[in-house]
Amino acid sequence: MENVVAIIVAGGFGKRMTTSIAKQYLLLNGIPILSHTIMRFEEASSVSDIILVVPPGDSEYVQHSIVEKFDLSLIHI
């Protein structure tokens, strides 16, 4: 089986949504939208690594509030 590296670009700010938080961090059923996306890729048996692109300054937030909180293991920010 071939290994696949997924690149998820979550660099938007959601200006059109007029919220104080970027849309990728908004909650859907109590879980950030970005977490839902990452979890689907982690479930794919062919995906060996996930490269996550986030806005400057968001890396620490994503590491603690998403990657660690939801025990996501394939992420490289």
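Author: What follows takes the labels in turn, from the whole chain down to single residues. This is a predicted model, in which local features need pLDDT of at least 70, side-chain atom pairs count only at pLDDT 80 or more, and totals for chains, interfaces and linings use all residues. Residues are numbered from 1 along each chain as its sequence is written, and side-chain values use heavy atoms, with hydrogens and water left out.

Reader: What makes up the secondary structure of the chain?
Author: The chain has two helices and five strands, in the order β-β-β-α-β-α-β along the sequence. Helices (H or I, at least four residues) and strands (E, at least two) are DSSP runs, numbered from the N terminus.

Reader: Why is the chain called as compact as a globular protein of that length?
Author: The radius of gyration is 13 Å, close to the 11 Å from the globule rule for 77 residues, so the chain is as compact as a globular protein of that length. The radius is taken over C-alpha atoms, and the rule is 2.2 Å times the number of residues to the power 0.38. Along the principal axes, the C-alpha atoms fill a box of roughly 45 × 25 × 20 Å.

Reader: What makes Ser35 buried?
Author: Its relative accessible area is 0%, and buried means under 20%, with exposed over 50% and partly exposed in between (1.4 Å probe, protein chains only). Ser35 therefore counts as buried. Ser35 sits in helix α1 and, apart from neighbours within four places in sequence, is in contact with Ile66 and Phe70; contact means heavy atoms within 4.5 Å.

Reader: Which residues of α1 are buried, and what do the buried residues of α1 pack against?
Author: Leu34, Ser35, His36, Ile38 and Met39 are buried in α1. The partners of the buried residues of α1 include β1 (4–9), β4 (47–53) and α2 (59–68). Over the chain, buried residues make up 32% of the 77 residues.

Reader: How do you know that Glu43 and Arg40 form a salt bridge?
Author: Their side chains meet at 3.0 Å, N to O. A salt bridge is a side-chain nitrogen of Lys or Arg within 4 Å of a carboxyl oxygen of Asp or Glu, so the pair qualifies. A search of the whole structure finds one salt bridge. Both residues lie in helix α1 (residues 33–43), three residues apart, about one turn of the helix. An α-helix has 3.6 residues a turn, so residues three or four places apart point the same way.

Reader: What makes Ile21 partly exposed?
Author: Ile21 has a relative accessibility of 31%, so it counts as partly exposed. Ile21 is in the loop between β1 and β2.

Reader: What is the phi of Asn29, and what is that of Asp71?
Author: Asn29 has a positive phi of about 55° although it is not a glycine, and Asp71 has a positive phi near 50°, again in a residue other than glycine. Most residues other than glycine have a negative phi. Asn29 lies in the loop between β2 and β3, and Asp71 in the loop between α2 and β5.

Reader: Why are Asn29 and Asp71 called exposed?
Author: Asn29 has 72% relative accessibility, so it counts as exposed. Asp71, at 66%, counts as exposed too.
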